[in-house]
Amino acid sequence: MIDYQPLYNVLLDAKADAWVNLLPQQLASALDLTRHGNLAQWQTVIECLPGLTTTHRLLDADAVQIGQFDDLPEAARMELEHQLKALHPWRKGPYNLAGINIDTEWRSDWKWDRLKNHITPLNHRLVLDVGCGNGYHCWRMLGAGAKMVIGIDPFLLNVMQFQLVRKLYGEAPVYVLPLGIEELPYGLKAFDTVFSMGVLYHRRSPIDHLLELRDCLQPGGELVLETLVIDGNLGEVLLPEGRYAKMRNVWFLPSCETLISWLKRCGYKNIRLIDAATTSIEEQRSTEWMQFHSLKDFLCTKNPRLTCEGLPAPKRAIFIANNA
Ligand SMILES: C[S@@+](CC[C@H](N)C(=O)[O-])C[C@H]1O[C@@H](n2cnc3c(N)ncnc32)[C@H](O)[C@@H]1O
């Protein structure tokens, strides 16, 4: 069981009383066992994890590391590996837990490396990571000095993977809550830094997403936005008519210039594009820990610069901006 009191205390300090009043009910309802057929089984896996007493916790390396090979007897380590695999697929990472290397679908550390030297240092900052997946970047944010990191993600397997990792780590000012951004109360204005990475293109209304993110930030706070973009000029946007790289839920892919104009229109200041890169099949691929199809299978076999639907292959850009 996670003790949420430290989170409530920090949110109260940040004058986010409205959310603190809602959160217990939001958590109870999102984690209601009838909401997902596998939830009870995932929770049992977490309850049955071996106790890991270790001093080895490393949050500023490529793989989030908790414990070492020798921290568990072989039988317990094999059991842990079995328990970790019960929460397949592991998409975001890598992690190394008691010497078990979780080679996830994504090299999420590469995304972190692209942005870490561009953001305002996270020391003592209250951070929100919207659409945080299983919380890999939340751990890296904590490792970079954040006072507290709150991730939100509505996909329950992600939340359960996070809870598993957190149980092995022990008490820490990092939380992943089973919520979508639309469930946050209006007018929070509580966070020093807000990350939204890999979420904007999943939203049917990208402008509303940018406004919702701004609404979470303190005056002067920093947004770190990562999303799919296309090559093109100001005003150009791709709205796939059907699937994009086999994903059904992809909506707006703007050019970088267009996205900068959206950020301006939404009242952000000091807008910088810090990186734009085509996603490689080394960064996103099937592994033992994510055995379904991955990027290679979503690209055109004859021309890897196109998706299998004939659209521009995934290219991602990172923007930083400030709330006015
Ligand atoms: C492409 S993943 C990105 C994960 C991580 N931020 C990263 O950059 O590696 C998008 C995540 O957004 C989450 N998501 C989808 N709709 C959301 C919403 N309305 N609010 C918050 N997160 C959402 C998904 O469950 C998924 O984990």
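Student: Which residue is the bridge partner of Thr278 in E15?

Tutor: This is a predicted model, in which local features need pLDDT of at least 70, side-chain atom pairs count only at pLDDT 80 or more, and totals for chains, interfaces and linings use all residues. Residues are numbered from 1 along each chain as its sequence is written, and side-chain values use heavy atoms, without hydrogens and water. Strand E14 covers residues 268-278 and runs antiparallel to E15. The partner of Thr278 in E15 is Lys315.

Student: How many bridges join E11 to E15?

Tutor: Strand E11 (residues 217-229; a strand is a DSSP run of E, at least two residues) is antiparallel to E15. Within E11 and E15, Leu228 stands opposite Arg316. Bridges joining E11 to E15 number eight.

Student: Why is E15 described as largely enclosed by the rest of the structure?

Tutor: Strand E15 spans residues 315-323. Buried means under 20% relative accessible area (1.4 Å probe, protein chains only). E15 is largely enclosed because its buried residues number nine of nine.

Student: What is the volume of the largest pocket?

Tutor: A pocket is an open set of points on a 1 Å grid where a 1.4 Å probe fits, with protein on both sides within 12 Å along at least five of seven lines; lining residues have an atom within 4 Å of a point. The largest pocket has 42 lining residues, and those closest to its centre include Arg91, Asn158 and His202. Its volume, the space filled by probe spheres set on the points, is about 1300 Å³.

Student: What is the volume of the second largest pocket?

Tutor: Among the residues closest to the centre of the second largest pocket are Met1, Tyr4 and Gln163. In total, 15 residues line the second largest pocket. Its volume is about 450 Å³.

Methods: Buried means under 20% relative accessible area, exposed over 50%, partly exposed in between (1.4 Å probe, protein chains only). Helices (H or I, at least four residues) and strands (E, at least two) are DSSP runs, numbered from the N terminus. Two strands pair if DSSP finds at least two bridges between them.
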